[in-house]
Amino acid sequence: MLAQHGATDVSVSGLTLDSRQAGPGTVFFALRGTATDGHQFIPKAVEQGAAVIIAEELPADLASTTIYVQVADSAEAMARMAAEFYGHPSRKLQLVGVTGTNGKTTCATMLHKLFRELGYHCGLLSTVQNQIDEQVIPATHTTPDAIRLNELLARMLKAGCTHVFMEVSSHAVVQHRITGLQFAGGIFTNLTHDHLDYHGTFDAYLKAKKGFFDMLPKTAFALTNADDKPGPVMLQNVVGRRESYSLRGTATFRGKLLENAVHGLHLEVDGQEVQFRLIGVFNAYNLLAIYGAAVLLGEDSTEVLTVLSGLTSAPGRFEPVVSSKVRITGIVDYAHTPDALENVLQTIADIRQPSQQVITVVGCGGNRDGAKRPIMARLAAQLSNRAVLTSDNPRFEDPNDILTQMQGGVPVEDLGKVLTIADRREAIKTAVALAQPGDIVLVAGKGHETYQEVKGVRAEFDDKQVLTEMFDLLGK
Ligand SMILES: CC(=O)N[C@H]1[C@@H](OP(=O)(O)OP(=O)(O)OC[C@H]2O[C@@H](n3ccc(=O)[nH]c3=O)[C@H](O)[C@@H]2O)O[C@H](CO)[C@@H](O)[C@@H]1O[C@H](C)C(=O)N[C@@H](C)C(=O)N[C@H](CCC(=O)O)C(=O)O
Ligand SMILES: Nc1ncnc2c1ncn2[C@@H]1O[C@H](COP(=O)(O)OP(=O)(O)OP(=O)(O)O)[C@@H](O)[C@H]1O
Ligand SMILES: N[C@H](CCC[C@H](N)C(=O)O)C(=O)O
Ligand SMILES: [Mg+2]
């Protein structure tokens, strides 16, 4: 705290970072955002009855009935106060965070399913949804802001949860959303190209992820992917227990790929042969991470593998869509980064029959990292027999501008394979019409999402539903 004006004792009814939510008795935190500066809204929060204002800079005119506290970093102060206000729920839970470019939702969701099957009450905080046991609480972010996060953890604790599995996005680390939490463990999946619009450089992105491991206490485990180049970096100077998993070399948890087939992965894990329902080498890594974390949390390795072998992945992650009306296999996948798209297309190449053609529908989100657009289009064109470039969530950008940037990445020799159709429904329809019996249509980028966001408006759109509709149409 740098300075304080006003009374020292006050009863607080709630915390908020948004002046529009401020009411009598609330504490309003003025945050410097990316679009606007919360300090501008201090008068509005006071007008709405906020009892306390926490800010990096105080206004010249101070209201006599309000307490003003000046701090060096409002976001950090908010996170610490939120943990305190909600009674530090993280200290009474086994809280495990998963970070990395890809695989967070898969690992967190499957850990939640696993621990439910093992008989625990547990919470989940993920991109797809938050959960208390099977009760679903909609999610707006991969990692909620510190106030919502601590509030959810407190609810989970009250509901009897012993374990909580959560995704830790790089935005969350930088914005102090997880500051003040006590983790029992941290998992690193991998680090590849994404979010460079926000972090500026790959190095800054790496540092953001590393920030999570640096805050782990001595009692926590830090479990990293030894086969991913930045993996070992995550463990540098970590005070917690340093653990790793690998498919290739020495590590705490070792796996060996025996078969990657259409019916699932066959792996040897710590000397035990297991058949899993998930497909793709990338999922072998996810499974090893989940297994390792469960063992580090004290579970029996054989029991963990037995339960894990029967589990399916998170919604919209390599999810098959089939119809009795046509002999085309649809796959809906949330691949929205170059690495994810390459992995998914490589997985399809590994498991398909030579006669099966692959038709890929893909777009890139607006108001997000533009540098990944030409790369994703190139990968779609090179690794598929046909590709239909389309819109993802254009947000506030012109869909045609995004598509022009994507087209720029298609190699000249692949141009003949590529169609561009801005309307996602039409794009899926065209891909299905191009497919011959036996072929595979991959619809990438939106996975579980049930909307398409255009100019701030979310219209209903579900890749799985549209694919099914198109299959039915073709089958008529
Ligand atoms: C880029 C980013 O992370 N933005 C987040 C950030 O918003 P911001 O910095 O843009 O906020 P701002 O609009 O500039 O406003 C600044 C402050 O003024 C306040 N304000 C604003 C208007 C007003 O009338 N009154 C008022 O008090 C705002 O509440 C805010 O506290 O802080 C907000 C409050 O926590 C978040 O909702 C918002 O997430 C936006 C919606 C978002 O799209 N975030 C994405 C990029 C994100 O966080 N993604 C990651 C996952 C990424 C991954 O896949 O790895 C995630 O964890 O979800
Ligand atoms: N371990 C992995 N390595 C590389 N790619 C992966 C891995 N796991 C999943 N993927 C791919 O990335 C996509 C997103 O996976 P998932 O949702 O689990 O990641 P995430 O890290 O939660 O993503 P987000 O940052 O958007 O929340 C999947 O649909 C799949 O294509
Ligand atoms: N967590 C990612 C999700 C991207 C999903 C994709 N469908 C898009 O809208 O760009 C992000 O916020 O960048
Ligand atoms: Mg996620």
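Trainee: Leaving aside its neighbours within four places in sequence, which residues is D392 in contact with?

Mentor: Two residues are in contact if their C-beta atoms, placed from the backbone, lie within 7 Å. By that rule D392 is in contact with H336, G363, C364, G365, G445 and K446. Do keep in mind that this is a predicted model, where local features need pLDDT of at least 70, side-chain atom pairs count only at pLDDT 80 or more, and totals for chains, interfaces and linings use all residues. Residues are numbered from 1 along each chain as its sequence is written, while chains are lettered from A and ligands numbered from 1 in the order in which they are written.

Trainee: Is D392 buried or exposed?

Mentor: A residue is buried if 20 or more other C-beta atoms, placed from the backbone, lie within 10 Å of its own, exposed if 12 or fewer, and partly exposed in between. D392 has 23 such neighbours, so it counts as buried. R395 has 16 and is therefore partly exposed.

Trainee: Where does D392 lie, and which feature does UniProt place there?

Mentor: Helices (H or I, at least four residues) and strands (E, at least two) are DSSP runs, numbered from the N terminus. D392 lies in the loop between β20 (386-389) and α13 (399-407), and R395 is in that loop between β20 and α13 too. An unreviewed UniProt entry places "binding site" at R368, D392, N393, P394, R395, G445 and E449. UniProt positions follow the numbering used here, feature names are shortened, and annotations may be inferred rather than shown by experiment. Sequence neighbours within four places aside, R395 is in contact with G365, G366, N367 and E453.

Trainee: What does the UniProt annotation say about K209?

Mentor: The unreviewed entry gives "modified residue: N6-carboxylysine" for K209. This lysine, K209, sits in helix α7 (residues 202-214) and counts as buried because it has 25 C-beta neighbours inside 10 Å. Beyond four places in sequence, K209 is in contact with T99, S170, V173, L191 and M234.

Trainee: What is the order of the strands in the open sheet of eleven?

Mentor: Strands of a sheet pair through backbone hydrogen bonds, either parallel or antiparallel. Here two strands pair if DSSP finds at least two bridges between them. The order is β9-β8-β7-β10-β6-β11-β12-β13-β14-β15-β16, with mixed pairing. The edges are β9 (135-137) and β16 (272-275), each with a single partner strand, so one side of each has no neighbour in the sheet. As an example of a pair, β12 (residues 221-225) and β13 (residues 241-246) run parallel over five bridges, with T224 partnered by S244 of β13.

Trainee: Which strands does helix α9 touch?

Mentor: Helix α9 (residues 281-296) packs on the sheet, touching β6, β11, β12, β13, β14 (253-261) and β15 (264-269). Its direction makes about 145° with that of β14; axes are lines fitted to C-alpha atoms, for helices over the stretch in contact, and angles run from 0 to 180 degrees between N-to-C directions. Of the 16 residues of α9, 14 are buried, so the helix is largely enclosed by the rest of the structure. After α9 comes G298, whose phi is positive, near 105°.

Trainee: How many helices and strands does the chain have?

Mentor: The chain has 15 helices and 24 strands. Buried residues make up 50% of its 476 residues, and the C-alpha atoms fill a box of roughly 75 × 50 × 40 Å along the principal axes.
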